[in-house]
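Please look through the following structure together with its sequence. The report is meant for a reader who has not seen it before.

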Amino acid sequence: MERAAFDTAAQRHARKVFTFASYLLGDPHEAEDVAQEVLVKLWTRGGGIPTDRLEAWLMRVTRNACTDCLRKRKRTAEVISIQRGERPRADRPSPEPSPERMAAGSELGARILGEMERLSTAARSVVILREIQGFSYVEIAEIMNMSLDTVRVTLHRARRRLRESLKEVRSHVALG
Amino acid sequence: MSRSDEPMTCDDVTRRIEAYTDGDLDESTVRDIRRHLDACADCAEQLDLARTLTAELRAMPKLDPPAGLLDDVRAAAGIPGSPRSVAGHNRRFRPWLAVAAAFAIAIAGALLAHHQHQRTAKAEALRAAAEVRLALACVGDITRRADRSARRQVISERLLPVISRSFGLTPRTQSRGAEPGAPGNTERSSS
């Protein structure tokens, strides 16, 4: 890719890449690492990608890099658990609020982000892409390499689960 | 798909609730859903939750990348004309790197301690063997020149403490195994 084309594309898409990685990983440092990795790939491999498909390509590379990052994180957590003599635990959400949760507009928003961490990586990705970043179902299908029906079903199930959590939060607030 | 001929069930409405909030349904389906919602408090609550959820998620901020990200990318990719300051590129604290470093240090420490322990144990064994040899020489010398009580005294006072220490046992003043044949076995064990 030529320098000028790279600069234009990187400046145009860096925010979307970083936003997606930040919400998916819940860690700004890891998100920055992922964004850097993705943009380096834009320089090395982005030359052959048509401009109208560049955004979907970048988001797909971001999703793959985040998946790798989450896998490594899980392995590290398992090793540390074994070192401490604990049972390896599943990908449990951090009890500490992430900067994204802190940045959420309201306490309810922060709780929703907390609940999102319990979703699968694929479901969380679809929710972020659709609801936070505003991609269309067709774009999400291309980014996630899913059929349109799978995108709809995944999103429907994720929203239903988040609605149930939201209902619980509301009932707790009403009782408290 | 219009369902005007029969009333919608709660399941019908729940399945369409996101499409309804997104405005993706045709007019007749919207009308059917509204009719159901007017009569069903549970589905009305589901709709309220769906709207709240969508509103909260759509209000989440889009996040700006750190200011130096593109410079870091240019440096990392080796793009001509970019600063190749790798030191500046990697100056940020990375928790995962700290965890990995701590893990590596812990393993290195454990290996070093194990190695030191082995070295210490070996040195201790060599020293004990030398002491045993010296004590045996004394026993032999005294055996030739002294009586039985003197020999026992040397065995209990000089030989047994060394053997006991070598094997991590509590020294005893007198032992049945402290006959002249026993130290030879000990020497073999120690060497």
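The model is a predicted one. In the contact between the chains, chain B takes part with 31 residues and chain A with 33 residues. On the side of chain B that touches chain A, the elements that give two or more residues are helix H3 (41-58), helix H4 (69-77) and helix H6 (95-145) of chain B, and H3(B) provides the largest share, nine residues.

| H1(B) with H2(B) | four residues | two residues | one residue |

Within chain B, helix H1 (residues 10-22) and helix H2 (residues 27-39) pack with their axes 11 Å apart and at an angle of about 120°, which makes H1(B) oblique to H2(B). Their crossing is left-handed. Where they meet, H1(B) contributes Val13(B), Arg16(B) and Tyr20(B), while H2(B) contributes Thr29(B), Val30(B), Ile33(B) and His36(B).

The largest nonpolar core has 57 residues, and those with the most contacts inside it are Ala21(A), Val34(A), Ala35(A), Val38(A) and Leu39(A). Helix H1 (residues 3-25) of chain A supplies the largest share of this core, 11 residues. Apart from its neighbours within four places in sequence, Ala35(A) is in contact with Ala14(A), Val17(A), Phe18(A) and Ala21(A), and also with Pro65(B) and Leu69(B).

Definitions and conventions
Residues are numbered from 1 along each chain as its sequence is written. Chains are lettered from A and ligands numbered from 1 in the order in which they are written. This is a predicted model: local features need pLDDT of at least 70, side-chain atom pairs count only at pLDDT 80 or more; totals for chains, interfaces and linings use all residues. Two residues are in contact if their C-beta atoms, placed from the backbone, lie within 7 Å. Helices (H or I, at least four residues) and strands (E, at least two) are DSSP runs, numbered from the N terminus. Axes are lines fitted to C-alpha atoms, for helices over the stretch in contact, and angles run from 0 to 180 degrees between N-to-C directions. Angles under 35 degrees count as roughly parallel, over 145 as roughly antiparallel, 65 to 115 as roughly perpendicular and the rest as oblique. A crossing is left-handed if the near helix is turned anticlockwise from the far one by less than a right angle, and right-handed if clockwise. Ala, Val, Leu, Ile, Met, Phe, Trp, Tyr, Cys and Pro count as nonpolar, Asp, Glu, Lys and Arg as charged, and the others, Gly among them, as polar. A nonpolar core is a set of buried Ala, Val, Leu, Ile, Met, Phe, Trp, Tyr and Cys residues joined through C-beta atoms within 7 Å. A residue is buried if 20 or more other C-beta atoms lie within 10 Å of its own, exposed if 12 or fewer, and partly exposed in between; C-beta atoms are placed from the backbone.
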